[in-house]
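Hi,

Here is the structure I promised to pass on. Have a look at it first, and my notes follow below.

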Amino acid sequence: MGWHYGRHVVEHPLPIGASSRPAVGYSVRAGDPLATGTLLGSPVRVEGGRKLGVEPEDVERVARVPVGTEVARGTVLARTGRRFARAVTAPIDGRLVHRSYEGDFYVAPIAGIWTVRSAMDGTVTRSDDAAVSVEGSAWSLGGVAAYGPDAFGELTLGVDAPTDELQPGRVDVRMHDSILVGGARIAAEAITRAHACEVAGLVAGAAPAGGLRVVYGDEVTASGGPTLEDRPTVLCLLGFGIGPLPTEIYLPFVAFGGHRAAIHVASARLFVFAPETVLDRSLDAPAIVLSGDFGGVKALEGETSLTGVTRFASDAFCEGLATKDGVVPVPNVLPYDAPR
Amino acid sequence: MIAERSAFASGRTVDVALESRVRRWTVDEPEGLLSLTGSTTVAVSERIPGAIRVGYGGVMRVAALAAAAPELERELRRAVLASGAELVLLLRTDDARSLVERAAAIRDARPDLVLALVAERHDAAGIVDLVEALRLGCADRTPAPRVVIAGEAHAALRVKAAAVGYAVELLPDPRRPDGIAAFAHRCREFRRGTDEDTVLRDEALEELARLVAARGTDVLVVDVSGGSTSLVRANAAGTVAAAHVAPLGCGIAADRTVRRAGLDGVRRWIPWAIDAPTMLERVFNRARWPDAVAAEASALALEIALAHEALTHALVDAGAAGLLEPLRDAPITIVTGMAASFTRPAHTALVTIDGLASPRPTTLHRDSDDGLVALGALAARSRATGGDPSAAVADELARRVAPLAFVVPVSPGRRSKVRVNGAVASDEALVPGAFFSLPHRGDADVEITGTPVRTRGMAGALGIIVDARGRPLALPPRDAERIPTLVRWFAALDLAGNGG
């Protein structure tokens with residue numbers, strides 16, 4: 001399918017310790033803080049039910065502070081009785097993070113603050129301690145994998161042609177807070193340079209897997225995944241190694257230049273917040289082909305014809321497809337948006 | 001008998017899932033005897049109502065909570081391996097992290113199921129603390145993970161009470177065989193979901209192992225597919241020991257295999273020089289391209305190397321669960337999945353011999369077209385409905401279980417020679433490091449003079465493979481020595497190691 005305009009639901013998982021998050025129905029813009037919370041130190045357990053002399057299920061009734069509240073040392077967490085009162089108090093400054101099934105309280109010191117930003121212009125449709133979802137309309141383009149935290153910024157072209165490689169020399173500090181569009185490949189050095197120049201994110205047909213490993217560590221996989229730390233954000237649209245962008249994918253980038261955009265890493269999608277009328281229709285992307293040695297991906301172009309069962313250099317037999325670059329196995333040709 | 005026939009009649013087609021396609025087998029049943037009449041590969045979307053589908057089921061992420069004793073970890077791993085789930089987190093009561101850190105670990109692990117094993121009554125308090133971390137970590141998560149509690153009865157009830165707000169089940173202790181079976185059954189139900197026509201691939205493999213072992217000889221089924229790797233050992237009594245490791249494979253889980261084995265671990269099996277970044281790009285592309293075909297020799301070599309490491313690491317996992325030796329000494333080995341589908345049977349033999357590194361002789365078979373997996377699925381479906389599939393599949397099984405090679409590992413003496421059926425097969429003395437194939441078909445009594453090796457098996461297209469390379473198998477670290485060594489091994493089974 002390639003580029004298309006429509007409504008999308010974007011889920012933002014939250015770390016533990018959310019202290020503020022929007023209510024359902026609240027409107028947000030991409031890049032706005034969506035939820036904030038606290039990084040917590042080791043919690044202190046405070047006896048609740050037993051000290052208060054109530055059953056665990058009754059602690060809720062006598063609690064004075066809801067879970068999640070910031071508390072100062074000495075704050076009364078729960079209290080029973082009138083004349084001969086029993087109370088439990090917070091032993092430290094921090095947050096009441098949890099109440100156990102036995103009625104005990106956990107108060108943890110605050111070690112820092114985290115913020116999760118919206119990757120979509122729209123309305124909050126779900127908001128709880130686990131996740132906040134935002135639904136909105138935008139142009140979107142799915143990729144094969146994304147890495148790093150969600151990114152937001154103006155879309156800027158970093159190459160002159162869809163077959164070009166994004167070179168480190170094309171990245172400088174003037175591009176800070178923008179999402180830079182590469183062509184067939186992002187040079188590994190360009191990833192680290194872009195991060196140093198505070199470029200918000202990088203999008204290209206492919207990225208070097210070895211470079212991703214250097215930046216994101218040996219645990220990195222082909223599926224990508226979001227991180228919270230301060231890392232570069234990379235979205236691979238076609239694959240790894242080299243992946244020249246088909247015209248149907250590249251030309252809208254030119255049209256979208258200067259518009260706000262967001263990379264949602266968990267779903268490996270790029271959203272561009274441009275009016276629906278910027279492009280006159282959804283552009284169907286061509287099928288893509290995996291090279292015979294698995295080293296790269298490219299668009300299927302020109303005339304094609306089936307060759308029947310064909311023997312390939314590896315001795316493998318399967319249905320072949322004759323292309324202008326030779327015969328390729330049919331399973332190595334997939335629609336752009338095929339589930340992968 | 002009537003019930004059995006009706007069970008088979010409901011599925012005249014068996015779809016064996018590959019990655020994005022299925023291999024569709026048509027089944028004939030003349031006089032109650034099953035036979036597979038032909039297969040074709042179709043898109044997974046082309047479903048036939050009522051067809052039996054052999055698939056991987058849903059991904060099942062399991063977090064385990066247990067006391068600190070190391071033997072508990074082994075038992076938990078054994079239960080998870082038997083279930084085909086992925087162990088994403090093991091939290092022990094002696095974990096030094098705080099409640100918040102434990103909770104964050106659980107949240108990051110995103111478990112679908114949490115298995116809490118309370119081995120002793122005095123472990124309950126520690127496990128309850130871990131359950132509190134679970135409650136904090138998975139608060140408001142949709143869907144919430146299911147909780148399974150097993151172990152000492154009173155302690156289990158206390159832990160159950162702590163898991164407020166979660167769907168909790170009590171299962172038999174997984175340290176006992178019935179507990180492992182119950183946990184595996186429960187996990188498979190989760191993985192199968194609501195699709196009643198699905199036979200999970202691991203169920204089919206276990207049934208296949210049972211069927212073959214029922215003929216009187218212990219068997220090991222080795223399945224290396226795109227996304228999972230399984231080792232199933234069965235004996236004539238029908239007892240099965242299994243390790244189903246997912247995600248680990250040579251296709252869509254290629255990246256996970258590299259993460260486990262390391263780049264050099266995979267690269268060492270490729271018989272020519274390749275730089276690590278280039279190889280990693282190929283691995284990542286393969287992982288994101290279901291059912292990709294290796295059109296060039298270099299891509300095929302990568303898949304073979306990945307299969308080697310997938311098998312090796314499945315064995316490592318089995319070893320961590322105390323299953324290693326039972327899985328390596330079966331006199332019959334059947335290879336299925338992608339590892340059996342390489343065009344040249346010698347590739348299958350190399351992957352199996354090197355990956356298993358078994359010190360015992362074995363007759364090697366391969367299921368190149370998933371026919372045996374389909375038969376296993378038919379039998380599993382029959383058994384699930386109360387039938388006994390042995391008689392119905394016996395003929396087809398006998399047709400399809402044809403030997404590929406008889407593999408004889410040996411540590412040769414000073415003047416050892418190979419004798420086959422009483423005759424000297426080669427005049428040259430057998431030396432340490434030798435690896436070669438002797439042409440032979442059918443029954444073979446193999447004796448290595450000067451050693452205790454005197455064994456009997458069946459040889460096929462690859463003859464008798466004599467392997468004197470020693471165990472564990474050692475590959476030279478430097479390319480200058482490693483590549484000629486690998487090329488020699490490939491050539492020994494009549495393969496060209498000069499692609500790419």
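Let's begin with burial in chain A: of its 340 residues, 49% are buried, where buried means that 20 or more other C-beta atoms, placed from the backbone, lie within 10 Å of a residue's own. Before you read on, please note that this is a predicted model, in which local features need pLDDT of at least 70, side-chain atom pairs count only at pLDDT 80 or more, and totals for chains, interfaces and linings use all residues. Residues are numbered from 1 along each chain as its sequence is written, while chains are lettered from A and ligands numbered from 1 in the order in which they are written.

Back to the overall form of chain A. Its radius of gyration is 26 Å, whereas a compact globule of 340 residues would come out near 20 Å (taken over C-alpha atoms; the globule rule is 2.2 Å times the number of residues to the power 0.38). Along the principal axes, the C-alpha atoms of chain A fill a box of roughly 90 × 45 × 35 Å. You'll find five helices and 29 strands in chain A, these being DSSP runs numbered from the N terminus (helices: H or I, at least four residues; strands: E, at least two).

Chain A is assigned domain 1 (4-36 + 116-278), domain 2 (42-108) and domain 3 (288-334), with bounds from an automatic or database domain assignment. The centres of domain 1 and domain 3 of chain A, over C-alpha atoms, are 31 Å apart. Eight residues from domain 1 of chain A and six residues from domain 3 of chain A make up their contact (two residues are in contact if their C-beta atoms, placed from the backbone, lie within 7 Å).

Now, how do the two chains meet? Chain A brings 44 residues to the contact and chain B brings 45 residues. On the chain A side, α4(A) gives the largest share, three residues. That side divides into 26 nonpolar, eleven polar and seven charged residues (Ala, Val, Leu, Ile, Met, Phe, Trp, Tyr, Cys and Pro count as nonpolar, Asp, Glu, Lys and Arg as charged, and the others, Gly among them, as polar).

One last item, from chain B. Residues B:I304 and B:L311 are among those in α11(B) that meet α13(B), where the partners include B:V351 and B:L356. By class, this contact of α11(B) with α13(B) has six nonpolar, four polar and one charged residues.

Cheers

Definitions and conventions: A residue is buried if 20 or more other C-beta atoms lie within 10 Å of its own, exposed if 12 or fewer, and partly exposed in between; C-beta atoms are placed from the backbone.
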